[in-house]
Amino acid sequence: MADNKQTENRHAAFKKQQRKEQLKNLLDILGAGSKLAMFALLGAILLGVTYTLTYKRIQQNEIEAVQRNLQAVLADDRYDNDPYADRTRVEPSELLGSDEPATVYRARLNGKPAAAVFRSVAPNGYNGAIKLLVGVYANGDVSGVRVVAHKETPGLGDGIDERKSDWIFSFTGTSLDSLGDKGWAVKKDGGQFDQFTGATITPRAIVQAVRNTLQYYQENEKRIFE
Ligand SMILES: Cc1cc2nc3c(=O)[nH]c(=O)nc-3n(C[C@H](O)[C@H](O)[C@H](O)COP(=O)(O)O)c2cc1C
């Protein structure tokens, strides 16, 4: 009888110890889980903050590039207003390369339309979209083109940057009529514009985008200056 009682007590003590250990294990797991969740949350917050800061920095760089280059694509004596202040947004158009509304800076001389500078996009660069400023005088001549943002390969496609080569200046003074349909292509495709050694895709994309912008200007000239 006494043996039985002793065995029962030992069994009860063992069960109690087992339950204690199970509870401890559960608390350990919950503790580790919440620590993991905390780290995940912290990581997500950090990622979000970094993304926002980077995105804002990129936007700011673009705005600075636009402000710097607006004057570069317009001859001083051709306008007397502030084109940056006189900007407008136009409906998305395939000819301007984006499904977002595009900004157009309007230059005027004595109140009359002098030039429109488009924030166009060449959507088919080698590494994605290339953002451009394309200036067009009221008579349809290109006043100048500059690259505002791109991800083309250094040493191959980045000759489009005016700090790397003179290539982007080859558009100045051209027009739809002066080059004709055939001329608006890289030399490799039978046109007037040089390609780069081992890199045809980038210049091809920009030639197409500038030509499209001129087309857009021709079709929408009146509306832009309203
Ligand atoms: C890693 C790598 C990066 C490249 N980057 C560019 C680039 O930025 N722009 C470009 O036009 N071609 C680039 N190319 C070359 C293109 O793949 C292509 O060969 C070249 O543009 C010639 O095109 P085409 O055959 O249409 O004339 C790159 C190739 C490689 C392997």
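# Briefing: strands, core and ligand shell

Strand 3 hands over to strand 4 through a hairpin of two residues. Strands here, like helices, are DSSP runs numbered from the N terminus (E, at least two residues, for strands; H or I, at least four, for helices). This is a predicted model, where local features need pLDDT of at least 70 and side-chain atom pairs count only at pLDDT 80 or more, while totals for chains, interfaces and linings use all residues. Residue numbers start from 1 along each chain as its sequence is written.

**Overall layout**

- The protein has three helices and five strands, and from the N terminus on they run α-β-β-β-β-β-α-α.
- With a radius of gyration of 32 Å, well over the 17 Å that the globule rule gives for 226 residues, the protein is more spread out than a compact globule. That radius is taken over C-alpha atoms, and the rule is 2.2 Å times the number of residues to the power 0.38.
- The C-alpha trace spans about 115 × 40 × 30 Å along its principal axes.
- Of the 226 residues, 30% are buried. Buried stands for 20 or more other C-beta atoms within 10 Å of the residue's own, exposed for 12 or fewer, and partly exposed for anything in between, with C-beta atoms placed from the backbone.
- Take the contacts between residues at least 6 apart in sequence: 51% of them join residues at least 24 apart. A contact here needs two C-beta atoms, placed from the backbone, within 7 Å.

- Strand 2 (102–109) and strand 3 (112–125) run antiparallel and are joined by six bridges. Pairing takes at least two DSSP bridges between two strands.
- Across that pair, Tyr 105 stands opposite Val 117 in strand 3.
- Strand 3 and strand 4 also run antiparallel, with nine bridges joining them; here Ala 115 sits opposite Tyr 137 in strand 4.
- Strand 4 (residues 128–137) pairs with strand 5 over six bridges, again in the antiparallel sense. Gly 135 has Gly 144 in strand 5 as its bridge partner.
- Strand 3 is largely enclosed by the rest of the structure, since ten of its 14 residues are buried. Strand 5 (residues 142–149) is mostly covered, with six of its eight residues buried.

**Turns**

- The hairpin of strand 2 and strand 3 has two residues between them. One to check is Asn 110, which has a positive phi of about 50° although it is not a glycine.
- Asn 110 is exposed, with 8 other C-beta atoms within 10 Å.

**Nonpolar core**

- The largest nonpolar core has 41 residues, and Ala 115, Val 117, Leu 132, Val 145, Ile 206 and Val 210 have the most contacts inside it. Such a core is a set of buried Ala, Val, Leu, Ile, Met, Phe, Trp, Tyr and Cys residues joined through C-beta atoms within 7 Å.
- Helix 3 gives the most to this core, with eight residues.
- Among the elements giving two or more residues to the core are helix 1 (2–72), strand 4, strand 5 and helix 3 (201–224).
- Leaving aside neighbours within four places in sequence, Leu 132 is in contact with a set of residues including Val 121, Val 145, Val 147, Ile 206 and Ala 209.

**Spots on the helices**

- Ala 65, in helix 1, is partly exposed, with 16 other C-beta atoms within 10 Å. Not counting residues up to four places away in sequence, Ala 65 touches Val 148 and Ala 149.
- Lys 182 belongs to helix 2 (residues 176–183) and is exposed, with 10 other C-beta atoms within 10 Å.
- Skipping neighbours within four places in sequence, Lys 182 is in contact with Gly 190 and Gly 191. The C-alpha atoms of Lys 182 and Gln 192 are separated by 8.2 Å.

**Ligand shell**

- Residues around the ligand include Tyr 126, Asn 127, Glu 152, Leu 156, Lys 188 and Thr 202; to be near the ligand, a residue needs its C-beta atom, placed from the backbone, within 6 Å of it.
- By class, that shell has four nonpolar, six polar and two charged residues. Nonpolar covers Ala, Val, Leu, Ile, Met, Phe, Trp, Tyr, Cys and Pro, charged covers Asp, Glu, Lys and Arg, and the others, Gly among them, count as polar.
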